[in-house]
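Please open the structure in the viewer and keep the selection panel at hand.

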Amino acid sequence: MVKAYRPNTLTEALEILSTEKCTIMAGGTDLMVQRARGSAVLPGFDRPLMFVGHLKELQKIYQDEEGIHIGAAAILTDMMEHELIPGIFKEMIGQMASPPTRNMATIAGNICNASPAGDTLPYLYAVNAQIVLQSTDQKRIIATRDFIISPKKTCIKPDEILVKIIIPAKEYSNNYYRKLGQRKGMSLTKVSLLGMADVVDGNILDLHIALGSVAASIVHSPKIEKSMISKKAGEIKEMAEEIVKQYADLIRPIDDARSTAIYRKKASLRLIKDFMENISQE
Ligand SMILES: Cc1cc2nc3c(=O)[nH]c(=O)nc-3n(C[C@H](O)[C@H](O)[C@H](O)COP(=O)(O)OP(=O)(O)OC[C@H]3O[C@@H](n4cnc5c(N)ncnc54)[C@H](O)[C@@H]3O)c2cc1C
């Protein structure tokens, strides 16, 4: 039987982690699947478990001058229902899993799983969300793109807990999200594209494109985005072919059980073009 801790406070949790390496469990929707050992056999864990999903300090969602703070253990359902969460982020979360899973699954679990198919990640990369890590004696704040090193690998240390995520308090005038899967609900992502743009008087003031499931990590290029800023929405349509070519170099999908590399590449490039051609002038 695996040893398990259920600390009463975040401080208690950090103290335990400062002396003993544990596997942190929030909703368990990733971990219980990854560690499954077959029917009628308990999942296998090689370290003591530390439950954190119930910790009130990790569940809060609030806003201050830094932006919107989302507690690590905020569940997807609470995020979908919270007035502070930007509309397009809610739409993306609404396409994840099913209501029962969204009632357990947390934002930190999706980030720490570090999968290129993690459906919250395109948004977090696009807005340069900051990840806040805490240990007993240190707090570290790291951009999402630096926190995730490769599939299944992050730079979290054994004595740290991801405590919250900070995103800008901002809605964009143009929002575009497409998640392609085997079916409409309850499906893992073959390709996803998030496009967001701010258009004022026909001018692009800000623009982001982020793609999931088409490379080892989320595809997001501030350099390509910069080349579209300050352009007229009409000009962007003309630039579409050239921009698509630039993304083609970054999109390096694989064949797996969900899809083929060829489909992923073709579909993702079509989605980029579709987003660019449909940016509204308003
Ligand atoms: C039926 C089903 C459907 C799903 N559909 C989707 C989908 O459509 N899109 C999608 O992206 N995912 C999907 N998932 C995957 C999963 O639900 C999400 O990734 C979810 O957000 C994981 O959160 P969790 O709290 O359950 O994580 P857990 O399983 O508890 O943990 C996942 C990882 O995060 C670490 N962790 C968790 N919290 C912390 C913390 N505070 N500090 C440090 N480390 C932490 C754990 O140690 C573990 O490594 C699905 C899963 C299932 C079972």
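How many salt bridges are counted between domain 1 and domain 2? The count is 1 salt bridge, the term denoting a side-chain nitrogen of Lys or Arg within 4 Å of a carboxyl oxygen of Asp or Glu. Note that this is a predicted model, in which local features need pLDDT of at least 70, side-chain atom pairs count only at pLDDT 80 or more, and totals for chains, interfaces and linings use all residues. Residues are numbered from 1 along each chain as its sequence is written, and side-chain values use heavy atoms, with hydrogens and water left out.

**The two domains**

Select residues 4–167 as domain 1 and residues 174–277 as domain 2; these bounds come from an automatic or database domain assignment. The centres of the two domains, taken over C-alpha atoms, are 26 Å apart.

**The interface**

Next, select the residues of each domain that touch the other. In domain 1, 18 residues are in contact with 20 residues of domain 2, contact meaning heavy atoms within 4.5 Å. Together the domains bury about 1700 Å², of which 63% is on carbon and sulfur atoms; buried area is the accessible area (1.4 Å probe) that two parts lose on being put together, summed over both.

Now display Asp 119 and Lys 179, which form a salt bridge with their closest N and O atoms 2.7 Å apart.

Colour α4 (87–94) and α7 (121–126), the elements that give two or more residues to the side of domain 1 that touches domain 2. The largest share of that side, 5 residues, comes from α7. Helices (H or I, at least four residues) and strands (E, at least two) are DSSP runs, numbered from the N terminus.

**The β6–β7 hairpin**

Move to strands β6 (residues 130–134) and β7 (residues 139–143), which pair in the antiparallel sense over 5 bridges; pairing requires that DSSP find at least two bridges between two strands. They form a hairpin with 4 residues between them. Select Leu 133, whose bridge partner in β7 is Arg 140.

Arg 140 lies in strand β7 and Glu 160 in the loop between β9 (153–154) and β10 (161–167), so the pair ties together parts that are 20 residues apart in sequence.
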